[in-house]
Amino acid sequence: MKIILDAMGGDNAPAEILKGAAAAVAANWPELAIIAVGDEARIRACAAENNLKLDPEHFEIVHAGEVIEMCDEPAKAIRQKKDSSMVVGLRLLAEGRGDAFVSAGSTGALHVGASLLVRTVKGVKRPALATVIPGQKPFLLLDCGANVECRPAMLEAFGVMGSVYMNKVMGVAEPKVALVNNGAEESKGTPTYVEAHGLLRANPRIRFIGNIEPRDIPSGAADVVVADGFTGNVVLKLTEGLAKFFSGKLKDMFKKSVGTKLGYLLVKGGVADFKKSMDADEYGGAPFLGAAKPVIKAHGSSNARAIQNAIRQAVLCVKSDLCGVMAENLAAAPENEN
């Protein structure tokens with residue numbers, strides 16, 4: 001299995017990208033091979049500086065002389081920077097040179113590139129950015145910002161794709177799907193959301209449980225949380241902000257006095273488990289669901305562990321034939337092209 005890796009994408013490229021790749025290869029995946037795309041001279045120099053042995057049996061370097069920057073306009077960058085690590089990597093994926101693509105580069109550019117170069121499964125015009133978020137139990141939120149405005153049929157497709165992902169990649173049997181709204185009643189929300197509710201309710205391929213209010217999302221009531229890209233991004237950013245806020249408050253509380261420091265020693269194990277359960281790096285990246293082949297977006301500030309887990313997620317997508325199963329499920333309602 002070959003995973004194509006954008007070695008130049010993200011704030012910590014190429015060092016953390018290469019460290020994560022090396023860790024992934026060493027993590028009990030003997031069949032895994034990495035195609036690192038980027039400036040070959042920089043990649044080899046970085047590997048030498050960090051004592052990383054790029055074993056030819058597991059590593060291949062494909063040179064790309066350009067980099068798409070976070071400040072670049074996405075569509076323009078994809079069209080004009082044809083020798084960028086992202087465009088070259090996506091082209092390799094489209095040509096069948098690898099099985100999945102992982103990048104910590106520009107989200108907007110990756111969304112455009114996945115749509116134009118890799119293309120989408122039948123029934124999907126624009127992939128949705130889906131993120132696994134820690135909560136009472138992990139849940140999948142989509143769309144997280146790729147498609148700000150959505151038609152009802154798009155939201156229905158998100159529910160189908162999210163359900164397939166949680167089942168095939170996360171191992172959840174019969175995932176529960178919910179639609180973000182400002183009330184639980186079927187009549188709540190905008191006309192788009194009311195219509196989307198009806199489509200999701202009528203779809204036999206998913207286990208739809210109705211609307212979900214934002215306050216109930218972290219409790220684990222749903223495994224798949226559907227929203228348009230604007231709403232989903234607000235939910236995502238608020239969740240991230242609250243996690244940082246409470247983590248800081250917890251730290252301040254235990255540092256308050258000698259007594260609280262002693263108390264921390266008694267609950268240290270539980271605190272560590274809590275922090276791990278709320279750590280987004282455990283999931284590594286966000287898949288663009290609906291792309292014809294697996295495309296994984298890692299966070300721009302990803303460290304080596306996050307990259308390793310993003311590669312692990314790509315491997316699981318390939319092994320479960322995620323895109324093929326998704327296409328089969330979407331084919332049941334061809335009139336619902338988004």
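Hi everyone, let's start in a loop: Arg119 is found between α5 (107-118) and β5 (128-133). Arg119 has a positive phi of about 75°, although it is not a glycine. Glu174 is also not a glycine and has a positive phi, of about 45°, and its place is in the loop between α6 and β7. As background, most residues other than glycine have a negative phi, and most peptide bonds are trans.

A word on where this comes from. This is a predicted model, in which local features need pLDDT of at least 70 and side-chain atom pairs count only at pLDDT 80 or more, while totals for chains, interfaces and linings use all residues. Residues are numbered from 1 along each chain as its sequence is written, and side-chain values use heavy atoms, with hydrogens and water left out.

While we are on the backbone, let's look at the cis bonds. The peptide bond from Ala13 to Pro14 is cis, with omega near -5°, and Pro14 sits in the loop between β1 (2-6) and α1 (15-26). Leu142 and Asp143 are also joined by a cis peptide bond, with omega about 10°. Asp143 belongs to the loop between β6 (139-142) and α6.

Now the overall picture. The protein chain has eleven helices and eleven strands; these are DSSP runs numbered from the N terminus, H or I of at least four residues for helices and E of at least two for strands. Along its principal axes, the C-alpha trace spans about 65 × 60 × 35 Å. How does the radius of gyration of the chain compare with that of a compact globule? With 338 residues, such a globule would have a value near 20 Å, and the protein chain has 20 Å, so the two agree. That radius is taken over C-alpha atoms, and the globule rule is 2.2 Å times the number of residues to the power 0.38.

On to the sheet. Eleven strands form an open sheet with mixed pairing, in the order β3-β2-β1-β4-β11-β10-β5-β6-β9-β7-β8; two strands pair if DSSP finds at least two bridges between them. Which strands stand at the edges? They are β3 (59-63) and β8 (207-212), each with a single partner strand, so one side of each is left without a neighbour in the sheet. From one strand to the next, the twist averages 25°. Here and below, axes are lines fitted to C-alpha atoms, for helices over the stretch in contact, and angles run from 0 to 180 degrees between N-to-C directions.

Zooming in, β7 (residues 176-180) and β9 (residues 224-226) pair in the parallel sense over three bridges. Ala178 has Val225 in β9 as its bridge partner. Helix α7 lies across β7 and β8, and runs at about 160° to β8.

That brings us to the helix pairs. The axes of α6 (residues 152-168) and α7 (residues 191-202) come within 8 Å and cross at roughly 45°. These two helices are therefore oblique to each other; under 35 degrees would count as roughly parallel, over 145 as roughly antiparallel, 65 to 115 as roughly perpendicular, and the rest is oblique. Their crossing is right-handed, which is to say the near helix is turned clockwise from the far one by less than a right angle, with anticlockwise being left-handed.

In this contact (heavy atoms within 4.5 Å), Pro152, Ala153, Leu155, Glu156 and Gly159 in α6 meet Thr192, Tyr193, Glu195, Ala196, Leu199 and Leu200 in α7. The residues divide into seven nonpolar, two polar and two charged. In that scheme, Ala, Val, Leu, Ile, Met, Phe, Trp, Tyr, Cys and Pro count as nonpolar, Asp, Glu, Lys and Arg as charged, and the others, Gly among them, as polar.

Helix α6 also meets α11 (residues 322-330): their axes come within 10 Å and cross at roughly 140°. So α6 and α11 are oblique to each other, and their crossing is right-handed. From α6, the contact involves Ala157, Val160, Met161, Val164, Tyr165 and Lys168, and from α11 Leu322, Val325, Met326, Asn329 and Leu330. By class, that gives nine nonpolar, one polar and one charged.

Last pair: α4 (residues 85-94) and α5 pack at an angle of about 35°, with axes 10 Å apart, and the crossing is right-handed. What classes of residue make up the contact of α4 with α5? Ten are nonpolar, one is polar and none is charged. Thanks, everyone!
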